Amino acid sequence: MPARSALTAIALAVAMLALAPAIAQTYPDFESQWRSGGDGDAWDPAKPAGLAQQAPLTAEYQAIFEASLKDQAAGRRGNNYRSSCVLDGMPRLMSLTAPMEILIQPGLTFFIFQEAFARRIHTDGKPMPDSEPPSFQGYSTGRWIDAHGDGRYDVFEIETRNFKGPRAMDSTGLPLHKDNETVVRERLYLDKTNTDRLHNEITTIDHAFTRPWTVTKTYVRERNPRWREYNCQIAPGAVFIGLDEYRLSPDGKLKPLYEGQPPPDLGYFKQR
Amino acid sequence: MHKTTGLLMALLIVAGAPALGAEMKYPDFEAQWRNPTAGRGGNPWDTTKPMGLGQEPPLTPEYQAIFEASVREQKKGGQGNSRGSTCILPGMPKVMNFSEPMEIIIRPHITYFVPMRYPTRRIYTDGRAWAKDEQPTFGGTSIGRWIDLDGDGRYDALEVETRNFKGPRVFESSGLPLHADNQTVVKEHIYLDNNDKNVLHDEITTIDHALTRPWTVDRTYLREPIPYWMEKNCYEANQHVLIGAEEYFVSADGKLMPVRSGQPPPDLSYFSEPRR
């Protein structure tokens, strides 16, 4: 009997050790490089880009979207500000037009992007600090869920708020509301039949929409990751003054990007 | 008894899974680290000396002349060899001046340096050889190894070698240059201070054809107890605009401004619309 008690005590001690925050034993197998499972960056990957997305936009924002599409059809950028190196921000970032790596720590999960700043998802249960400045990525809090009750997390739920803009859902310029009061909810989990596929159910709540809009993105695990060094650089010949885009002529002068574009305000110059 | 032994065996197998054991081998590097001197009017490469010519870098005469020309140009209000205003990446070794905080994450095969606004630096510790088909980058390719200096079964230092660069790169914003051939080799020895585990040392030795000898500096970083991150986009923060050969500023309200008194406005003769 004493021997049995001793063994039980050792077993308990070992069990406690096993329950220590060992990442591989607690968290799902998310730590990897992930790539988009589809082509393009249409927000709803199940539908073609543009009007075919049938985005649940308010009448006002549907008009803004249609104007963006017309602008792009004329060779301009519409609401897509990526050419001026404005950050994509959330939720567009999660279309993974370039690879992303996930690293999990007990209080913080990192989404490390090839072509964007790392996203930090706080899982320590603390609220967003009052002093947090708004950003294109927003502030993300998350929680791990043991959906099957087997002692291992299966699902990662994230809520992201505190944005600045302008942001669009995809490169067509599908707009988000300029009040930047967007709330993005994500639910990430591995595919049941293929754990090399990661699903992200993303619900966007925004005043540009008539209802929450949910899409599911699927990412594919890359077992032999390669990384490219990315540095957003403005295209040669493009000149940005604030968000306004112009062109540089061969003789070094500023010229309009499109016919009828007004020139920049020179109110700060004394000699005119 | 048999049942208890079985349970014990099973638990031992679970407890012996690699993650826990591996985590315990590494020094306490996983934190946000800050440069204590960043944001105090310059970020000299050798932190024991003033920025610029006061660095007394071991430059060849050719590169000393390039450096002095850069310093002169900056005194006149130009950028010299510093290309920060074009949002070009600083690359190695300059990125290790931690102008903004950096977070370290350790995994058995890779150690990550995650900076606030530059690409994540991956230091491969899986024993790989130098890849022959890797594209040169500003950050280079880093291969490292963990060292157990005192033989106590726990790593104490990370040694890193970084090669395979592209340029142009400089050591600091005074424009202290690296050679245009980009054959730089950077060796780092990273370890916690013996007396204060909240201080991380990075002894960085740069071997470069712009230098007459390897140049070693000891940079120290402080552990940040309350990490703070900011989204900092170079282009958003960048107020410089180049139109032809003329540089201008963009004001906070998004309008073009002169950079010097009496600077004429840009020629707008290509615009037919009236000014706003």
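The legends below describe close-up views of a predicted model.

**View 1. The two domains of chain A.** Chain A is divided into domain 1, residues 25-222, and domain 2, residues 234-272. Taken over C-alpha atoms, the centres of domain 1 of chain A and domain 2 of chain A are 33 Å apart. The contact between them involves 7 residues of domain 1 of chain A and 8 residues of domain 2 of chain A. On the domain 1 side, the residues that touch domain 2 of chain A are 3 nonpolar, 2 polar and 2 charged.

**View 2. The open sheet β10-β11-β12 of chain A.** In chain A, 3 strands form an open sheet in the order β10-β11-β12, with antiparallel pairing. The edge strands are β10 (238-241) and β12 (254-255) of chain A, each of which pairs on one side only. β10(A) is joined to strand β11 (residues 244-248) of chain A by 4 bridges in the antiparallel sense. Within this pairing, Phe240(A) stands opposite Glu245(A) in β11(A).

**View 3. Helix α3 of chain B and its two faces.** Helix α3 of chain B covers residues 61-75, which is 15 residues. From its first C-alpha to its last, α3(B) reaches 21 Å, close to the 21 Å expected at 1.5 Å a residue. Tyr63(B), Phe67(B) and Ser70(B) are buried in α3(B). These residues lie on the same side of α3(B) because they cover an arc of only 60 degrees around the axis. An α-helix has 3.6 residues a turn, so residues three or four places apart point the same way. The face of α3(B) turned away from the buried side carries the exposed residues Pro61(B), Glu62(B), Ala65(B), Arg72(B) and Lys75(B). Just after α3(B), Gly77(B) takes a positive phi of about 100 degrees.

**View 4. Strand β6 of chain B and its alternating side chains.** The side chains alternate along strand β6 (residues 157-163) of chain B. Leu158(B), Val160(B) and Thr162(B) point to one face and are buried.

View 5. Strand β5 (residues 141-147) of chain B pairs with β6(B) in the antiparallel sense over 7 bridges. In this pairing, Gly144(B) has Val160(B) in β6(B) as its bridge partner. β6(B) also runs antiparallel to strand β7 (residues 185-192) of chain B, to which 6 bridges join it. Here the bridge partner of Thr162(B) is Val186(B) in β7(B).

Notes:
Residues numbered from 1 in each chain as written. Chains lettered and ligands numbered in written order. Predicted model: local features only at pLDDT ≥ 70, side-chain atom pairs only at ≥ 80, totals over all residues. Domains from an automatic or database assignment. Contact = placed C-beta atoms within 7 Å. Nonpolar A, V, L, I, M, F, W, Y, C, P; charged D, E, K, R; others polar. Expected span 1.5 Å × (residues − 1). Buried ≥ 20, exposed ≤ 12 C-beta atoms within 10 Å, placed from the backbone. Arc of directions from axis to C-beta. Pairing = 2+ DSSP bridges.
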